[in-house]
Amino acid sequence: MTARGRVQAVLGPTNTGKTHYAIERMLSYRTGVIGLPLRLLAREVYDRIVEKRGPSVVALVTGEERIVPERTQYWVCTVEAMPEGLGADFVAIDEIQLCADPERGHVFTDRLLRSRGFQETLFLGASTMRGAIAALVPEATFQSRERFSELSHTGSKKISRMPARSAIVGFSVDSVYSIAEVIRRLKGGAAVVMGALSPRTRNAQVEMYQNGDVDYLVATDAIGMGLNLDIRHVAFSSTHKFDGRRMRPLQPNELAQIAGRAGRHTEDGTFGVTGEARPLHEDLAQAIVDNRFAPVTKLQWRNSRLNFANLGGLIASLEEHTHDEWLTRARDADDVLALKSLASSVEVRNRANNAKSIRLLWDVCRIPDFRGISETEHAALLERIYEFLHDQGRISQDWMAAQVRRIDRTEGDIDALSKRLSYIRTWTYVAQRQGWLDDESHWREVTRSVEDRLSDALHARLTQRFVDRRTSVLLRRLKEKESLVAEVNDKGEVTVEGQFVGRLEGFRFSQDKAATADEGKTLRQAAVAALAPEFHLRADRFYNAPDTELDFTDQGGLMWGEHAVGKLTAGTETLKPQVKAFVDEEAGHDVAQKVQRRLQHFIDRKVNAAFEPLLAMSRDEALSPAARGFAFRMMEGQGIIPRDAIAQEVKALDQETRGQLRKHGVRFGQFTIFMPLLLKPAPTRLRLVLWSLESNLDEFPSAPPPGLVTVPTDEHVPEGYHAMAGYRPAGVRSIRIDMLERLADLLRAQDTRGGFEATPDMLSITGMTLEQFADLMQGLGYKAERGERQKVKAAPAEAAAPEAEEVVAVAAPEGGDALADPAAAEEMVAPAEISEGPMLAEEAAEATGPEGDVAPEADTLSVEPTAEDAGAEPAAEEQIVSTDAEPAAEPEAAGETVTEVFYTFAWAPRRRGGDRPGGRKNFRGQGGNAGANGGEGGKRDGKPRGEGGKPRGKGKPGGGKRDWNKDGPRKEQGAKVYSAKPQRKEKAIDPDNPFAAALMGLKDKR
């Protein structure tokens, strides 16, 4: 490739984003090629680019894999497989410091000297290459990059003390397997990554590590070549490696390349040694931390201008030396050794008698020795392949099929599968060569399928051996005590040598109660050893679990599925509860904190979702001071406050303030100030738990079943329960506060002093029979008189309405003129009707707009419960079937006389302070209740009260009524009022009185 564009070297330590930068630069051009040091890394980069641009324009070319779409724009290759002569706009070479590698360095040096992009060329690698690149590529510019995170040295650690998310590095297959076995016994499992694995096996192992199935990774130095893994700590099990010729110590820059895998992006990392590795010298460790290494002074080089005139000339050209001071001739690689071996064969020399056959021989010699058996066996295989290609022009189909068939078996252990996998890589490589086989696509598919099957089988064996396989091997004795190997299954059962020792429930281990005292300590130690990784894995899964997997109980417990993982505790504010996590001490502080944070996030979101209208109102800065104060009271009451508890505060609110509160969903009911949205099942259930926490109850009362209009009144629940549940006690049953307000709206239109009968709407709202409704009304402070009367049976065409519609008679209240005595009237509590005094004028102003019409925020609710309130069948849940209903009468002929049962309801006034024990509050919040809500009947703070705690005015013969204050009587209100006598009179309306005007509007409407 000729040099036309700019050449830049991007140098720096690991974790500086060099590869990411190169990918972004390549994608900014129309075409590009990037060369990478490993097949595994090439596959990773290929997948990343495919995600951005799609598979139709991205090619992957390695020794054993070739995916080349017709419209390829971007080539991802291993350095050895990079195509030449493409004329790409962009070219990048990663890990350029491998120019100094004794085995492969000559390939990287060749790319450094000859590979160029038309627009841009990037060399990525360590800073030690700066001098060499500057000398050999004078036109290059340099960009230095700093590490995103810090790297620190932690010294030596035992494998048993290795932190989670650690990678232990070994330099042989036997070393990797033995370390993984130890980690499995001590930590529960490890993933294995080696350069010899196929991309499919490697990806499956890495995925197991990345998703948290295991917390440990055992790998060769393959992880040092750009593989991006979530590693926090790197531990060297050895500082020596076999380089194909001899055992040698790792160079400082090689150690730094691997150690730099710890800490990805902005997360800091650590490194050290473990096992039998000697501790790193302080100067060496500090050099790794500071990224200070001796610069590269010699690059491995091999002549690229080969002579194919004859075998001797080819070998001589490969052995040619260089006179450049920066370059040194590379030692004979496997391909040169194979060529020299084949050149000694008479048959080969006879066939290689021209440039074409010699070039073919050189191509065959470049087949890598994946099997690694011996040079002689590898040379014999190459000679056979060369024979087919030279004599027949193609490799024999039958011979190829026989080679593949011998390998296509998935039985056997890890070693057998690994060997077959290395063998199939040879045939995968052969299948990728153009013109070597008939039906190349068929053989590429066949070899790939065999490799995939072997890869899956190897992954299964690795997982079985190092993660899931049960073991009965005893650990070495430690201080004359025997530690046993423990396992935890997916059900949380902890077993030691196949025997059940306990169960892991959430984050707490409960030991088997059947274990003897002598066994207990040993069994627990073994269980704790197995639970160490399990706690971390569970904490990770729990922290990432969606809120749908978590829930709270009516007793304040916090559940993760079927496991209790914590409980709620009272916070500084009612709507800010705290959590206490149930985590064993052995799980560690990190696990406990992670569980604690997740639970707190869960309950905070629950509160915010359930009480969103209330919280939004408290944060509204546009509210007036009075509205903010009332909003604070609503926060204290969790959205529900009995009106008589804050009567004076309600009365003090002007219409503008009430309008601001109504916009946030506050309803000023006759009995309760509440937010209808907070009466739904979810807020109600949570409100009761929070109220129970604030009340410091030992046992929390449960919420009533959702969707019921009335529920049985429980006299044993704590004070305040019914209000928090959204109900108001009324006799043997309690009625939902929103439905009570609707009932109150209907009762305003009735003559509560003279007497009235229940209408169908009243029975429909409560969902009761007439008998049940009578008990409810008595609980609300009304007198119910049962009566019977004769009624003529209607003709079939004029079918009778429901029973409730037949009740039309009006009876006079008991006692007739009981309120005639002014002194007695002052001591009596009358029902608060729409035509009563100043308090009712205030309510009328609430219910009407500025023109006297019903305000848009009218405080009413639908009779039918919503699906959320009542579940799947709201209409059915809204009805209460009475077991006391009388049996239906036999059908009678039309025109016959039948006996009809009816009830007459009238307000039953009670003297202040004279309520019977356990008496109910009256229907306007007047009077008292010494029952569930406590307090002396008819009094508040020891003072008799009507509405808001003020004395009622004395009756006047003219039907008027005075309102009293500390300065004596004030001007009478002009609204329609009740006097102490049964007859009613109208008082002239004062047009200057706003309350009277509002009530006048309501009167006209009715």
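Helices α1 and α2 cross in a right-handed sense. The model is predicted. In this model, α1 spans residues 18-27 and α2 spans residues 39-53. The two helices pack at an angle of about 40 degrees. Their axes lie 12 Å apart. At that angle α1 is therefore oblique to α2.

The contact between these helices draws on both partners. From α1 come T19, H20, I23, E24, M26 and L27. From α2 come V45, R48, I49, K52 and R53. By class, the contact of α1 with α2 holds five nonpolar, two polar and four charged residues. In an α-helix there are 3.6 residues a turn, so residues three or four places apart point the same way.

Helix α9 covers residues 311-318, and helix α10 covers residues 334-343. The packing angle is about 155 degrees, and the axes are 11 Å apart. Angles over 145 degrees count as roughly antiparallel. The pair α9 and α10 is therefore roughly antiparallel. The crossing of α9 past α10 is left-handed.

On the α9 side, the contact is made by L311, L314, I315 and L318. On the α10 side, V336, L339, K340 and A343 take part. By class, this contact of α9 with α10 has seven nonpolar residues, no polar residues and one charged residue.

Burial was then examined for α9. Six of its eight residues are buried, so α9 is largely enclosed by the rest of the structure. The buried residues are L311, G313, L314, I315, S317 and L318. Among them, L311, L314, I315 and L318 also belong to the contact with α10. The surroundings of α9 extend beyond that helix. Its buried residues pack against strand β18 (327-329), α10, α11 (346-351) and α12 (355-365).

Cysteines were considered last. A disulfide is a covalent bond between the sulfur atoms of two cysteines. The structure holds zero disulfides. The cut-off for burial is under 20% relative accessible area.

Technical notes: Residues numbered from 1 in each chain as written. Predicted model: local features only at pLDDT ≥ 70, side-chain atom pairs only at ≥ 80, totals over all residues. Heavy atoms only, no water. Axes fitted to C-alpha atoms, helices over the stretch in contact; angles between N-to-C directions. Helix = DSSP H or I, 4+ residues; strand = E, 2+ residues; numbered from the N terminus. Parallel < 35°, antiparallel > 145°, perpendicular 65-115°, else oblique. Left-handed = near helix turned anticlockwise from the far one by under 90°. Contact = heavy atoms within 4.5 Å. Nonpolar A, V, L, I, M, F, W, Y, C, P; charged D, E, K, R; others polar. Disulfide = S-S within 2.5 Å. Buried < 20%, exposed > 50% of the residue type's maximum accessible area, 1.4 Å probe, protein only.
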